Amino acid sequence: MPNSASEAPGGGADSAPEAVPDAAPEDGAEYGPEGRADDGAAYGAECGPEYDLAVIGAGPAGLAGAVTASELGLSVALLDASGQPGGQYYRHPSPALGATRPEALHHNWPAFAALLRRLAAAEVTHLAGHHVWTVVAAPDAAGSWDVHALTGANGDEDRPGRVRARAVLLATGAYERQLPFPGWTLPGVVGAGGAQAMLKSALALPGRRVVVAGSGPLLLAVAASLAAAGARVPAVVEASDYLGYARRPGALLSQPAKLAEAAVHGAALLRHGVRLRTRSAVTQVHGSDRVEAVTVSRLDRQWRPVRGSGRRIACDALAVGHGLVPQLELAVGLGCTTRRTVDGTHALELGPLQETSVPGIWAAGETGGVGGFQLAFTEGELAGLAIAARLRGRAVAGEGRRSPRVLRRRRARLRAFADAMAAVHAPGPGWPQWLDDATEVCRCEEVTAGRIREAVADYGARDARTVKLLTRAGMGWCQGRMCGAAVACLAAQAQGPRRAQGAQPEPSPERRPLAVPVRLGALAALDEPNSPGTAEPKPTER
Amino acid sequence: MARDRSPAALVGAATDDAFEITFDGRPVTALPGQSVAAALWAAGILAWRSTRVGGRPRGAFCGIGQCYDCLATVNGRPNRRACLLPARPGDAITTQEGHGHAELGV
């Protein structure tokens, strides 16, 4: 049985809306180690004092890295889109909701509480409500980096910010991978991680009777949370086969804590009468303006639906997802080298001490490959030690449970487990057979599977980029985050049966020069002639 | 199965400060600290946008600000992510038609 370790951890993804102060429109602000600069400081003017380290993302990895580095004497700025630290994994209700037991929605709260205590004691400048859109080499300070951010809960306050630092730790987490199926755009179909996020942060459910479907260990955690919060969960529909774990006993047995956690989820699901249906998928959502029922079909080993096996389940919501995708825009924009992971996503190629291929840029947590919160803590801590050593010109040091040697050994064990899990839940090559030609694949631009197949079969598209140029799939607001994996698969299938049957198609790398939509006004505020923000990146559409 | 279980009961949340927002003119109760999307979900509302091409209803999908499906017009300003935006007393949420800039005539 799996665990919930990959339950949407990481911190860089845009996150909870709470407690972000309403900022009066200003030209912008720069921050230094002494705290916020004068509100009137002109954005784009001479940079103020610089930090030793800018950490992007306040999930488990970013928090661990920021606190560790700060405790070793570095000045640290911690930027995060959310109003509260924790990232996606430790999302929790805003204080205004008055929750006396936020830990009731978490299995590993004490580790987070301990980190928050260290954060409170450390002199970390926590910049909440900061949506980082690019990181560039400082144009006028060799060896330093400029981190550019939009501000506000929605990232659209007229007050961009910039932090300069000698080193950057990317802890931007992950977002959920989606595979389309007929009806998945109906209101009431929500991401499994999304349902979890809305529940954890705002105590809201998408419906009263929620089917949970897709693939990966997150599904069990989501189903357990929804049931505990009062929703009926008629079924958890898992496309892979949990027997796959039996074929990888080594990696599993090395992680008794994770097995115990899986047992907790399993027991909770039993208690709530939730049925787990493996090697099955939702192949149709029914309803005109919102979800009324789903059809669940059996899958063969390739994830092709078995004809005639469909069974209808009444529900008013469907929570769906297929694992997580590392959030790499900032790293890819900096030129960091990536690698393919066992389940077909891209992750950063990292050195033994968490440094990317770009000296001075480090990464921890899901950015280096999805692996869960314990791995994120471990890598964040290791990165904090390594960055402090580099900037202070000393050897990497740490004692006892925090010695580099112990951390690296723990990291290797957790990575092996994560890879075993990813292999079990990797999408099978036959999933596109769920689609009919009318199924929308790109939700933003409303591009159907039929149009993508036409681009591939009739116009010769062989990759996601060409499909995008021909059909606009992946060109909308989300910049292909929701449809990218699917479009890449559909394009690759044209490369012949052998290629399509093979391990994984080539997904498009996460090239998004602007990590979040930036308004022209924010770009115009970058008024230096040499300012990096005015050079290569272009504003998104609309 | 217990009928009285709720997310608020699970985490021991209690607030007396519920306030009102409106959705297409009708009142909706919101709690302090809730996003606009969460308040609408709690009221059983799942869609607050119609798509540019097909005019199809959409609401929150990814829940973490990544998919932009939950764009809403809030107090007259379009294209705001309802899953990120905190609800504030008196907010007027309106269904966003298409790109939300009909006044531009594009």
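Let's start where the chains meet. The contact draws on 53 residues from chain B and 71 residues from chain A. Keep in mind that this is a predicted model.

How much area do chain B and chain A bury between them? About 5,100 Å². Of that, 55% is on carbon and sulfur atoms. In chain B, three residues lose the most area to chain A: W41(B), F61(B) and Q66(B). Together they make up 15% of what that side buries.

Now the charges. How many salt bridges cross the interface of chain B and chain A? The rule finds 5. Take one of them: R77(B) pairs with D156(A). Their closest N and O atoms are 3.3 Å apart. The cut-off for a salt bridge is 4 Å, so this pair counts.

Polar contacts come next. Between chain B and chain A there are 25 residue pairs in polar contact, with both residues at pLDDT 80 or more. Which elements of chain B supply at least two residues each to the side that touches chain A? They are α1 (7–10), α2 (36–42), β4 (57–58) and β6 (77–81). Sorted by class, that side of chain B has 28 nonpolar residues, 15 polar and 10 charged.

Let's step back from the interface. Over all chains, the count comes to 23 salt bridges. Look at one within chain A. R164(A) forms a salt bridge with D146(A), and the closest N and O atoms are 2.6 Å apart. Why pick this pair? R164(A) sits in strand β8 (residues 157–170) and D146(A) in strand β7 (residues 145–151), both of chain A, so the pair ties together parts that are 18 residues apart in sequence.

Last topic: empty space. Rolling a probe the size of a water molecule over the atoms shows where empty space is left. Here the count is 11 cavities of 30 Å³ or more. The largest cavity has a volume of about 290 Å³. It is lined by 22 residues. Closest to its centre are G323(A), L324(A), D343(A), V370(A) and A422(A).

Which helix gives the most to the lining of the largest cavity? Helix α9 of chain A, residues 404–425, with 5 residues. And the make-up of that lining? It divides into 9 nonpolar, 9 polar and 4 charged residues.

Methods:
Residues numbered from 1 in each chain as written. Chains lettered and ligands numbered in written order. Predicted model: local features only at pLDDT ≥ 70, side-chain atom pairs only at ≥ 80, totals over all residues. Heavy atoms only, no water. Contact = heavy atoms within 4.5 Å. Buried area = accessible area lost by both parts, 1.4 Å probe. Salt bridge = Lys/Arg side-chain N within 4 Å of Asp/Glu carboxyl O. Polar contact = N/O pair within 3.5 Å; in protein donor to acceptor, adjacent residues only side chain to side chain. Helix = DSSP H or I, 4+ residues; strand = E, 2+ residues; numbered from the N terminus. Nonpolar A, V, L, I, M, F, W, Y, C, P; charged D, E, K, R; others polar. 1 Å grid on protein atoms, 1.4 Å probe; cavity = no way out; pocket = protein on both sides within 12 Å on 5 of 7 lines; lining within 4 Å. Points joined across faces, edges and corners; volume = space filled by probe spheres on them.
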